[in-house]
Every structure is written in C-alpha cells, then in structure tokens.
There are 2 protein chains.
Amino acid sequence: MAKRPDEFALIERWFAPLSGSGSFGLKDDAAILAVPGGLGSERDIVVTNDAIAETVHFLPSTDPALIARKAIRTNLSDLAAKGATPFAISLALGLPPDWDARWISRFGAGMKADCKAYGIDLNGGDTFRSPGGAVVSITAYGHVARGRYASRLGASAGDVLFVTGTIGDAVAGLEIARQGESPTGPQRWLEKRYLLPQARVELAPLVERYASAAMDISDGLVGDLEKLCKASGVSVEFPAADVPLSRQAKGLLSAKWRGISLEGLLTGGDDYELLIAVPQGSAASFEREASNLSVAVTRLGTLEASKGANAVRLLDEDGRAMKFKRGSYRHFGEMDEHGWE
Amino acid sequence: MAKRPDEFALIERWFAPLSGSGSFGLKDDAAILAVPGGLGSERDIVVTNDAIAETVHFLPSTDPALIARKAIRTNLSDLAAKGATPFAISLALGLPPDWDARWISRFGAGMKADCKAYGIDLNGGDTFRSPGGAVVSITAYGHVARGRYASRLGASAGDVLFVTGTIGDAVAGLEIARQGESPTGPQRWLEKRYLLPQARVELAPLVERYASAAMDISDGLVGDLEKLCKASGVSVEFPAADVPLSRQAKGLLSAKWRGISLEGLLTGGDDYELLIAVPQGSAASFEREASNLSVAVTRLGTLEASKGANAVRLLDEDGRAMKFKRGSYRHFGEMDEHGWE
C-alpha cells in the first residue's frame, strides 16, 4: 500500500489549491460563502446536496477520479435544473479503510479537473474515516435571479415540455460496465455516459430565463417526469418514439443486446439530462437559444390539466399507453439516491 | 425489525416539518438559501460542514436522537466560533443496513429538538444507503457582519485569550460511557457533556463584536490552542491551574478515577467550548457582556509575539512548562474528525 499522507498534507496538496476567496485556504473551520463578483440584491443563493457511497453508487474498483467528478456533476445537474449557475462546493469525504496516496491523488485529480471545468471553488469540508467504504457527500452552491428559481412545482397546462440530450445512455452504459467484456466503440461511448455524465450547466441561464418548472433526470425519464407533473398538477401524453435516443443506444436496442429494451432506457437512472417546461409563447425562443449553445433540446409534448393518477402517458406505435413495470416511485429497497423530493 | 417507512413518508413525516421558506417543503431537489429577514448588504453567509460515522464517532448502540443532535451541535459550534448566528442546515443521511422506523423516529426527534432549540431550518439534503453503518453529514449556515468573521488567523500579540465553560468534561464522560458501569450523579453529568455537548450559539454575537480570532475546541484544548496560535503567529503561556475545570471533573481527578489525568483533560476532545482572542482594550467589556449572558468565560493569558516551535506553554505548579504526549497535530491514524484546518 502506498504511503498515506497526513491530513494536513492531503488538504494542502489536493484541496487547498481548489479554494477561492472567503475560505482562508481551507485553514479555518468554516468559510464565507463568497459569490464571485458579489451576489447583489437581485439574486438568490441556491443550495443542493447529493451523497454517494461505495457499493451502493459505485464499485470499489471505480477510478477515484471518476467518483469525484460524478459526485460533483450530479450536484451541478441539480443546480442547472433550478436555473442556478454554480460557484462553489463543499466536500465531506469518508475515506475507505484501504485508502492510500494513490487513491487520494486520483480523487484529488478528479476534483481539480471538474472544479476547473465548471469554474467552481471548493470552499471547505470534512474528512473522516468510513469503515464501510468511501462516502462522498457534496453540497453545491449556485446563484439564480430572484424569483426565477425553477422548482418542479411551477408548470402549467399549456406549457411545452422539453428534454435535453439523449435518454437511456447511462443505464445501457451501466449494463456494459457490468458485463466486463471488452467493449466496442459505441459501447465505450455509452459506458462513459454512465461513468462521467455531463451536467447541463451551460443551460442554466436558459432555464433561469424561460422555465416555469424543471428538474434533472436522475431516476429515469418516466419516473422523474411523473414527479414533475404531479408536483405541478399537470399531465402529459406523447409518443415514446419522440424521446431522443442516441445512435449508440438505438444500435443496442435494434440488436436486442443483453435484454436492453425501450422500457429499460426510458426508466433507467443516471441520465442527468433536464426536463424543462416552458410557456408556449417563449418555447420557440428557448429552442433557438439552446440551439445557439449547441445543446440539443427535444419537444416531448404540451402539458395538460391533471387527469389524476396517470400523469404521464407514453404512447406505443399503435397509439396505446405503454405500461412500465418500474413505477414512478421507489421504496428504500431501491432507494432514491439523488436528493430529496 | 419495525416496519420501514418509504422515503416519501420518511421525509414527509420527519424532515419536511423542519423546513422553512425557500425549501419547498423539501419537495424539490434544491433550495433557496433564505436568511430570515433577508441578508442585507452588510452581512455575509458562513458555511461549515462536519460529518460523523458509526463506529468512528459513535457506537451502533447510541440513541439516534443523540447522534442527530450532536451532529447538529458540532456544526453550530463551528459557526459560533466564527461569530456567525445559525439559520439553516442541510443533512446528508446515510442509513445503516438495519435502520427501521424506530431508528428514524428517534433520529427525527433529535433533529426536531435541536432545530427548535437553536431556531434553525432544515433546508434539504439527501438520504442514501450506507453499508458500513450510519453516516451523518451536516452542512450548517450562519450569518455574520461583513468583516467580522472570526478566523483562527487574526489574533495579535497583546490580545487577551479567553475560554468558555469548562474543559475536559467530555473526555471524562467518554471514559464513563466506555466503562459501562452504572454511573454516579456527577458521572452522569460528565457523560451527558460527552453525548450531548452544548454549542455556544448564544455567544456568537459577542464573538462577532469582540474577537480578533476564535475557534471551537473539538480536538482538545492544548492542540487546538496551538493551531490558533500558529495560524495567528502568536504564543501564549499560562498556569495549567487557570484552565477552568468542572467540579465533577475535579472530583474524578482528585480520586485518580480510572487513570483520569490533568493531561487527559487538557488534551481530550469533544469539549465544544470556544477559544476567543479579544484585543486588550475591549477585554473587560467582553467579559461583562458574557457574564450578562450567563456564559462563563475565563482569561487564560495574554498573547505574545511568536516564540517559534512551542506556541503554547502550560505551566505546572512549580512554574515549569508541562510536556504533553499527545501533540498538537494528528495523523489519520487518529484522524481529526472535526473539520478541515
């Protein structure tokens, strides 16, 4: 086992260089939550927290750099879905019993890469021993124009429902990671979508400007859309064929690779794409601006007044409502692992 | 095993009632960090994070209400030491494999008791399965007058060093909890000081007004004072007999109960009292105002210009500098468990 640095060396070497103004080089027990350029009276601070644990959310063999980056990105995805531009994170890091210098250097490299990529500071945190394996709990901070926080409660009948990117890549990628065989090119692309999701941070200003409601898709398109519709008291119906799939996922689907099914793609987790409801009158502007940012957004349908139990109806090729075995709601047996609802 | 509530029921029943404005009843993935009454342009938000894990910081048999309350208090202690008045917390809760309705109801009762006692909201969080036992990671938010955040770096030669309350009760209480025999009255008092520390929140406005530097004592008086002195570039010397001890701790000390020693009390962890440096000219006012709040504060000495390696010298009855086996700095073997430094 490589030598373990002491705690001071660890923080000095890996974490202090990621700190910004207000955090005293991580030499104090707390930090001032300093918004770069100042918050101003017209903006609010938005805060979110996601925690991930070894064996539950990632395998002991996972590259610690990817653990760090995915932990950051799941949080930034939540902020983007609220229209909030991120500026800082805090990290509570539970170190696994067998951690060593190599583990922390990979973890630190992942933190550094994504703090840089997203322009965010590490403003503090805590390290502790975690007997059951690594635990990474991140709190992320963003800012949004006052009154423009996009909750999942604000959608109205008549709003247009959009989704970003492509759906189901991550659940296919998880299956590819699990099977352990040497992956093809398209399979590698899907696996990366699972291991290192993007966070749609670049879309935050458009969510802020246009969205009546939004949320990120962490537990599957169908289930998360149902949460949004129920929270807002609306329904929606659209052909399943309208859901954007990647070329790579379509390839597995048409080859019926290892039981990959349309249902699996539509209900699998870890997409980290965004569901965004936009009032009819500004839907075209939103689409145009997203296109200017080179982010694919797809219209899924128009929200209607709530029709009770089945808030979300996806139609098959014959126009019949599809039935999904995985519901919109999960017990702790397969616990929601992506934030409170 | 008592029945487990599903996640929605758990949050609805135990956590949503603790939420305040800006957090949508915990029905969203994030929250607006709303300072009651508004932040104003003359105040800053202060953030801190402490995480605790089963078997490392508490035993599996610990009452979950006490786990919750101690997790909150260690964070509020950090805020108070910075002069910050708390207003909210976020919670990342890793549930142990054997959690059940009783476990969560006790945990929730502890959260509720301390959110109420300290007037703070729960603004969100995350729940996840934790194979290695319960993990409680809390991020706490406070506010402080701009420019009055009390770091550990700001003390100057000539400042008077104060400590609150009494020192060493918690480490004696831990020993009492460990021995498992039926405790006497004074022993029960000490055990409670370990299991349920106070957080000196009521002193935050005085720290804000008077302190040139401050920190809470979580890893032992001697070690933490050395951190403060080194960070500020000062030294201090005072008789060990000046350190305030409780009547109960003095009782164990004079009875030489189970090897309890003065060194043990002065270097043991979990006090959650505050070290506060105050400029000479306002030391008397600070003392008077603390007395008005019925918080005991004791003068330990006057800070001097740094004398190099030994920043902290406690003198024995013969006026000789005491030597401590436990240093001011600890490796991960006995990891600092109370925040970054």
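**Note on the predicted model: helix packing, domains and chain contact**

1. The axes of α2(A) and helix α3 (residues 101–118) of chain A come within 6 Å and cross at roughly 35°. Axes are lines fitted to C-alpha atoms, for helices over the stretch in contact, with angles running from 0 to 180 degrees between N-to-C directions. Helices (H or I, at least four residues) and strands (E, at least two) are DSSP runs numbered from the N terminus. The crossing of α2(A) past α3(A) is right-handed, that is, the near helix is turned clockwise from the far one by less than a right angle.

2. Contact partners in α2(A) include Leu66(A), Ile72(A) and Leu76(A); those in α3(A) include Trp103(A), Phe107(A) and Met111(A). Contact requires C-beta atoms, placed from the backbone, to lie within 7 Å. The residues split into 13 nonpolar, 1 polar and 4 charged. Here Ala, Val, Leu, Ile, Met, Phe, Trp, Tyr, Cys and Pro count as nonpolar, Asp, Glu, Lys and Arg as charged, and the others, Gly among them, as polar.

3. On provenance: this is a predicted model, where local features need pLDDT of at least 70, side-chain atom pairs count only at pLDDT 80 or more, and totals for chains, interfaces and linings use all residues. Residues are numbered from 1 along each chain as its sequence is written, and chains are lettered from A and ligands numbered from 1 in the order in which they are written.

4. Chain A has domain 1 (7–145) and domain 2 (160–324); the bounds come from an automatic or database domain assignment. Their centres, over C-alpha atoms, are 27 Å apart. The contact takes 19 residues from domain 1 of chain A and 18 residues from domain 2 of chain A. On the domain 1 side, α2(A) gives the most, with 11 residues.

5. The largest nonpolar core has 207 residues. Such a core joins buried Ala, Val, Leu, Ile, Met, Phe, Trp, Tyr and Cys residues through C-beta atoms within 7 Å; buried means 20 or more other C-beta atoms within 10 Å of the residue's own. Val207(A), Ala214(A), Val207(B) and Ala214(B) touch the most other members. Contacts of Val207(B) include Ala80(B), Ala150(B) and Ile276(B).

6. In helix α4 (residues 169–179) of chain B, the buried residues include Val171(B), Glu175(B) and Ile176(B). Their cover includes α5 (185–195), α8 (247–254) and α9 (262–267) of chain B. Gly180(B) follows α4(B), with a positive phi near 70°.

7. Between the chains, the contact takes 62 residues from chain B and 61 residues from chain A. β2(B) supplies the largest share of the chain B side, 9 residues. That side divides into 28 nonpolar, 17 polar and 17 charged.

Notes:
Contact = placed C-beta atoms within 7 Å. Buried ≥ 20, exposed ≤ 12 C-beta atoms within 10 Å, placed from the backbone. Lists of a residue's contacts leave out its neighbours within four places in sequence.
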